[in-house]
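Student: I would like to go through this model by question and answer. Please keep each answer tied to the coordinates.

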Amino acid sequence: MFFLFLLLPLLAAACEEEEEAGSDPEKHFRVFEFNEKYIIRGIANLLKEKGYADPKVDLEKGKVETDYITQGNLRAKVETTVRKLERREREVVLVITTEKKTKGGWKATRMLDKSHYDRFFDELEMQIYREIGKGD
């Protein structure tokens, strides 16, 4: 599961390194030179592969979103947006929202660093190549 892949290595240190998130989770960006249909298909299939059931895909808005996936007292959801920059360039914006369950309900917490986002983008690039190989 993608959630477990991202969070299990952090759970041991979560209490020490957990940081309260502000009102908005961090956004991370990467530019790809692929057609947006392959990027969006790649995102959706990568998320399915990582355990997120039925990501919601909106081709017109270039968005892929998941519902929360819960593991113990932590949960996470993924939101991505693909937008055209230039003729061949597409920007992918990735937001992973993590929350921890408290007595007062779910509280946003920042548990992921840049390396986790970079790993997601690297896996996405490989998934995009697989989608291109499948064809239309």
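This is a predicted model: local features need pLDDT of at least 70, side-chain atom pairs count only at pLDDT 80 or more; totals for chains, interfaces and linings use all residues.

Tutor: Residues are numbered from 1 along each chain as its sequence is written, and side-chain values use heavy atoms, with hydrogens and water left out.

Student: In what order do the elements of the protein chain run from the N terminus on?

Tutor: Helices (H or I, at least four residues) and strands (E, at least two) are DSSP runs, numbered from the N terminus. The protein chain has three helices and eight strands. Their order is α-β-β-α-β-β-β-β-β-β-α.

Student: What percentage of the residues in the protein chain is buried?

Tutor: Buried means under 20% relative accessible area, exposed over 50%, and partly exposed in between, with a 1.4 Å probe and protein chains only. The protein chain has 136 residues, and the buried share is 39%.

Student: Among contacts between residues at least 6 apart in sequence, what share joins residues at least 24 apart?

Tutor: Contact means heavy atoms within 4.5 Å. For the protein chain, the share of such contacts that join residues at least 24 apart is 62%.

Student: How far apart are the end C-alpha atoms of helix H3?

Tutor: The expected span of a helix is 1.5 Å times one less than its number of residues. H3 covers residues 114–134, which is 21 residues, so it should span 30 Å. The distance between its end C-alpha atoms agrees, at 30 Å.

Student: How far apart are the end C-alpha atoms of H2?

Tutor: H2 covers residues 36–49. With 14 residues at 1.5 Å a residue, H2 should span 20 Å. Its end C-alpha atoms agree with that, being separated by 20 Å.

Student: Which elements do the buried residues of H2 pack against?

Tutor: The buried residues of H2 are Tyr38, Ile39, Ile40, Gly42, Ile43, Ala44, Leu46 and Leu47. They pack against strands E2 (28–32), E3 (56–58), E4 (63–65), E6 (74–84) and E7 (90–102), and against H3.

Student: At what angle do H2 and H3 pack?

Tutor: Axes are lines fitted to C-alpha atoms, for helices over the stretch in contact, and angles run from 0 to 180 degrees between N-to-C directions. The axes of H2 and H3 are 8 Å apart, and the packing angle is about 115°. Angles under 35 degrees count as roughly parallel, over 145 as roughly antiparallel, 65 to 115 as roughly perpendicular and the rest as oblique. H2 is therefore roughly perpendicular to H3, at an angle of about 115°.

Student: How many nonpolar, polar and charged residues does the contact of H2 with H3 have?

Tutor: On the H2 side the contact includes Tyr38, Arg41 and Leu47, and on the H3 side Phe120, Glu123 and Lys134. Ala, Val, Leu, Ile, Met, Phe, Trp, Tyr, Cys and Pro count as nonpolar, Asp, Glu, Lys and Arg as charged, and the others, Gly among them, as polar. By that scheme the contact of H2 with H3 has nine nonpolar, three polar and six charged residues.

Student: Is Phe120 buried or exposed?

Tutor: Phe120 is in helix H3. Its C-alpha atom is 9.0 Å from that of Leu94, 26 residues apart in sequence. At 1% relative accessibility, Phe120 counts as buried.

Student: How is Arg130 classed by relative accessibility?

Tutor: Arg130 is also in helix H3. Because its relative accessibility is 41%, Arg130 counts as partly exposed.

Student: Which residues does Gly62 touch, not counting those up to four places away in sequence?

Tutor: Gly62 is in the loop between E3 and E4. At 5% relative accessibility, Gly62 counts as buried. The residues it touches are Ile40, Thr80, Thr81 and Val82.

Student: What is phi of Asp54 near?

Tutor: Asp54 lies in the loop between H2 and E3 and counts as exposed, at 64% relative accessibility. Most residues other than glycine have a negative phi. Asp54 has a positive phi, near 45°.
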